[in-house]
Amino acid sequence: MQVSIKWLKDYIDFDWSAEELADRFTMAGVPVENVIRADEGLDKVVTGRIEKLTKHPDSDHLQICQMNVGEKELVQIITGAQNVAEGQVVPVAMVGAHLPNGLHIKKGKLRGLPSNGMLCSAGELHLDLTKLTDEQKDGIYILPADTPVGVPAKDVLGLDDVVLEFELTANRGDCFSVIGLVREIAVLTGNKPKWPVIACKEDDEAKAADMVSVGIEARNLCDRFSARVIKNVKIGPSPEWMQQRLEGAGIRAINNVVDVTNFVMIELGQPMHAYDYDEITGHTLTARLAKEGENLHTLDDSSRLAKGTELVIADAKHPAGLAGIMGGLETEVTEKTRTVVLEAASFNGPSIRRTARACGLHSEASGRFERGVDVTNTLRALERACQLLQDMGACTVTQGIVDCYPDKKQPVTIDYTTDEINRRLGTAIPGEEMVKILTSLGFAVEAKGNESYHVTVPSWRNDCTYMEDLSEEVARIYGFDKIASTTPFGRMVQGKQSAKQNFVDKIKHTLTSLGMTEELSFAFTSTDLFDKLLVPEDSPLRQAIPILNPLTDEAPLVRTCLLTSIMENAVRNFSRKNNDIKLFDVAPVFLPKQLPLTELPEERLMVAGLITGRREEVGWNQGNEMVDFFDMKGIVEELFRALGISKYTVEAGEHFAMHPGKTALFKKGREVIASVGELHPQAAENFGIKQKVYLFEMDVEVLMKYTGKSFHFESLPKYPAIARDLAIVVDEDVAAADIERVIAKNGGKHFKDVTLFDVYTGEHVAKGKKSMAFNLQFQSKDKTLTDEEADAAFKNILKAVEKHFAAELRA
């Protein structure tokens with residue numbers, strides 16, 4: 001928000017400079033971002049009259065001006081402008097001036113004759129060219145003939161003002177108005193404000209209630225809806241003083257009716273809107289939710305189809321405007337308008353913010369509604385608007401106000417004690433001083449005895465609801481610089497990471513060392529991502545928490561599955577031609593116990609990984625092999641080795657996002673500790689991916705449960721091992737893990753290890769069968785094993801696999 005110093009001084013007197021006022025505001029918690037001077041570069045620009053004008057003897061286009069600039073002697077200035085004449089009053093830049101366009105005026109000579117200044121055009125003074133006639137835009141800017149000579153040009157041009165640009169926090173909606181800022185100045189200076197007397201004359205016999213009706217259907221989104229009708233409207237320009245005030249606030253003047261609504265919005269902080277009465281179907285206005293697919297045709301001549309979540313002001317047939325954001329084009333006030341309905345309302349801030357973002361429309365009105373307006377201010381705003389238009393002779397005002405206010409706002413009350421606030425602030429401010437501060441801010445304070453007080457919060461302070469809010473008010477007015485700095489005291493403890501944080505760091509370090517890259521992702525997702533990833537309709541993962549104010553409409557839910565985030569990032573990489581990816585993420589998902597939320601959701605830390613593309617970086621000495629399932633399986637096995645997770649089993653399984661025939665589940669007992677597999681072909685098609693992608697997913701809590709917590713060391717074996725190869729033929733659907741489990745169980749006390757080193761199907765093996773070759777290791781800690789001992793163990797193993805799998809020893 002921005003406002004001019006002149007506008008503030010209309011309502012309160014103060015002697016501070018603009019910079020000092022900005023500093024006082026900022027120290028009081030109303031931060032000023034910039035001080036903008038309208039007279040920048042006009043310090044040595046004065047008004048001057050052309051007393052004599054002659055042609056330059058050595059030039060056809062130059063003229064010699066003898067200028068009266070209020071000094072004893074005339075000043076000679078040479079100009080090339082052709083629109084000047086004797087007797088005219090013009091802006092004159094004297095020697096030493098630094099004009100807004102960067103031009104530095106010096107003494108000089110033109111064709112041998114001295115020139116001591118420059119006559120200025122509107123552009124050189126940085127005037128608003130849109131408000132000037134074509135004659136004023138071109139050549140030297142000609143001032144009215146009765147303009148006094150020798151006075152600063154900034155005073156004549158209305159540029160003797162300073163604009164403060166505020167960077168207000170969201171909680172200070174009351175300061176998004178001139179009146180709100182004046183309240184703050186009154187507290188800071190102790191001066192008494194000169195509040196405008198607001199009253200209009202109802203000088204038309206018609207009754208507003210007979211002409212228009214207003215209503216609220218969406219009572220949770222609109223607290224109050226008030227309207228007034230004015231007749232015999234004369235559309236024209238607003239007064240120059242009003243245009244200057246609006247210009248200082250960064251608002252372009254349009255016509256008297258629209259300018260008045262904008263003026264009242266900036267002055268009182270209550271946005272308003274004006275409707276052409278004759279264009280309102282049924283002469284009724286209702287605050288309701290838009291119907292899905294309904295056309296929203298706004299003042300910017302843009303049409304949007306409603307989603308059904310937008311709050312609109314509608315007449316009997318269709319929306320007449322987006323509530324609190326922008327009016328409708330059909331009911332716009334034009335030069336033909338003769339009867340106007342003025343509306344002032346109070347709308348739900350979050351709803352206005354969501355709609356403004358979804359539609360890409362942000363206005364001065366929406367910014368105020370988003371931060372909260374004073375619901376009691378609607379009638380006052382209507383009175384003020386009618387008063388200003390009446391003062392211009394632009395209308396007559398009908399009898400009464402149509403007001404729909406179903407649930408009257410009750411005052412907020414807060415109890416506090418002097419000791420509570422002093423302990424919170426670390427101060428010793430007397431109770432009387434606190435009462436004085438709060439009373440000056442508009443709070444009604446009632447003493448209850450024993451330094452205890454009961455406070456009634458003014459209607460415009462929507463941000464004050466607790467004792468802590470009152471302590472902030474006391475602190476900012478008392479002065480933060482008066483609060484002594486103290487050294488914090490308390491027990492000092494050494495900060496360190498938890499066991500879980502160390503475990504997560506180990507996961508990240510291991511995966512990074514395996515060539516993977518950690519991604520960072522937002523904890524947001526959407527139903528569309530669930531659909532693409534083939535999450536079942538009845539899965540609890542679809543019970544995601546909706547976000548009240550999502551950062552984007554594409555991600556309105558809190559994620560329940562980490563794979564949605566890693567797939568989203570993979571697709572983003574594919575779109576940028578980065579097809580060789582190895583990503584992992586360690587991040588939380590949020591699983592609610594029920595919706596809507598009645599308690600905090602379960603926050604579960606998950607690990608997800610993704611690899612795709614070439615196995616090695618592109619290079620003349622590298623192959624072009626693509627990663628496969630076993631690359632991802634190897635990554636998971638290496639991670640488990642680093643984490644000390646052992647004695648797990650690997651078996652074929654299912655996962656909604658993974659290929660039905662290419663998915664493995666790592667298990668400890670019956671509990672799944674990791675799911676590894678190729679991305680489901682349908683999911684790949686949904687994401688538009690045309691290459692093989694491999695995924696893993698794990699739960700950090702589950703991994704921690706099975707990580708090795710105690711270790712013992714053994715000396716290196718002194719005696720050699722004996723190896724035997726076992727080649728058997730089994731059915732194709734027999735899993736190697738099952739065979740290895742039987743081998744280990746029947747290998748005897750000297751069995752050391754088993755490794756699958758060959759799998760073969762082909763012409764020498766019967767159809768439906770496969771050959772598998774295992775290397776068996778036998779070793780003793782106490783002696784050198786004999787061949788007879790190894791052979792006995794081998795025969796026992798062979799007998800067991802023949803029994804369990806109908807295996808045949810391959811010749």
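User: How many aromatic pairs does the structure hold?
Analyst: This is a predicted model, and the structure in it holds 11 aromatic pairs. One of them is formed by Phe-25 and Phe-166, an edge-to-face pair with 5.3 Å from centre to centre and 75° between the planes.

User: Why does that pair tie together separate parts?
Analyst: Phe-25 belongs to helix α2 (residues 18–27) while Phe-166 belongs to strand β10 (residues 162–166), so the pair links parts that are 141 residues apart in sequence.

User: And are Phe-25 and Phe-166 buried or exposed?
Analyst: Phe-25 is buried, and Phe-166 is buried as well. Another edge-to-face pair is made by Phe-629 and Phe-630, with 5.3 Å centre to centre and 85° between the planes.

User: Which of those counts as buried and which as exposed, Phe-629 or Phe-630?
Analyst: Phe-629 has a relative accessibility of 17%, and because buried means under 20%, it counts as buried. Phe-630 is at 61%, and because exposed means over 50%, it counts as exposed.

User: What about aromatic clusters?
Analyst: Trp-7, Trp-241 and Phe-263 form one aromatic cluster.

User: Which residues lie over the face of a ring?
Analyst: Lys-9 lies over the face of Phe-14, at 5.1 Å from the ring centre, and Lys-482 lies over the face of Tyr-478, at 5.4 Å from the ring centre.

User: Switching topic: where does Ile-5 lie, and what does it touch?
Analyst: Ile-5 lies in helix α1 (residues 5–9), and at 10% relative accessibility it counts as buried. Leaving aside residues up to four places away in sequence, Ile-5 touches Phe-14, Ala-18, Leu-21, Asp-161, Val-162 and Leu-164.

User: How far is Ile-5 from Glu-654?
Analyst: Ile-5 and Glu-654 are 649 residues apart in sequence, and from C-alpha to C-alpha they are 71 Å apart in space.

User: Now helix α9, which residues are buried there?
Analyst: In helix α9, which covers residues 349–359, the buried residues are Gly-349, Ser-351, Ile-352, Thr-355, Ala-356 and Cys-359. Seen down the axis of α9, these buried residues fall within an arc of 160°, so they line one face of the helix. As background, an α-helix has 3.6 residues a turn, so residues three or four places apart point the same way.

User: What covers the buried residues of α9?
Analyst: The cover includes the strands β16 (303–305), β17 (311–314), β18 (319–322) and β20 (340–347), together with helix α10 (364–371).

User: Last topic, strand β32: why is it described as largely enclosed?
Analyst: In strand β32 (residues 658–668), 8 of the 11 residues are buried, so the strand is largely enclosed by the rest of the structure.

User: Which strands does β32 pair with?
Analyst: With strand β31 (residues 649–652), β32 pairs in the antiparallel sense over 4 bridges, and a hairpin of 5 residues joins β31 to β32. Within that pairing, the bridge partner of Ala-652 is Ala-664 in β32. Strand β33 (residues 671–679) also runs antiparallel to β32, joined to it by 7 bridges, and Met-658 has Leu-679 in β33 as its bridge partner.

User: And what about Gly-669 in the hairpin of β32 and β33?
Analyst: That hairpin has 2 residues between the strands, and Gly-669 takes a positive phi near 65° there.

Terms used
Residues are numbered from 1 along each chain as its sequence is written. This is a predicted model: local features need pLDDT of at least 70, side-chain atom pairs count only at pLDDT 80 or more; totals for chains, interfaces and linings use all residues. Side-chain values use heavy atoms; hydrogens and water are left out. Buried means under 20% relative accessible area, exposed over 50%, partly exposed in between (1.4 Å probe, protein chains only). Contact means heavy atoms within 4.5 Å. Rings of Phe, Tyr and Trp (its six-membered ring) pair if their centres lie within 6.5 Å; planes under 30 degrees apart count as stacked, over 60 as edge-to-face and the rest as tilted. A charge sits over a ring if NZ of Lys or CZ of Arg is within 6 Å of the ring centre and within 35 degrees of the ring normal. The arc is that of the directions from the helix axis to the C-beta atoms. Two strands pair if DSSP finds at least two bridges between them.
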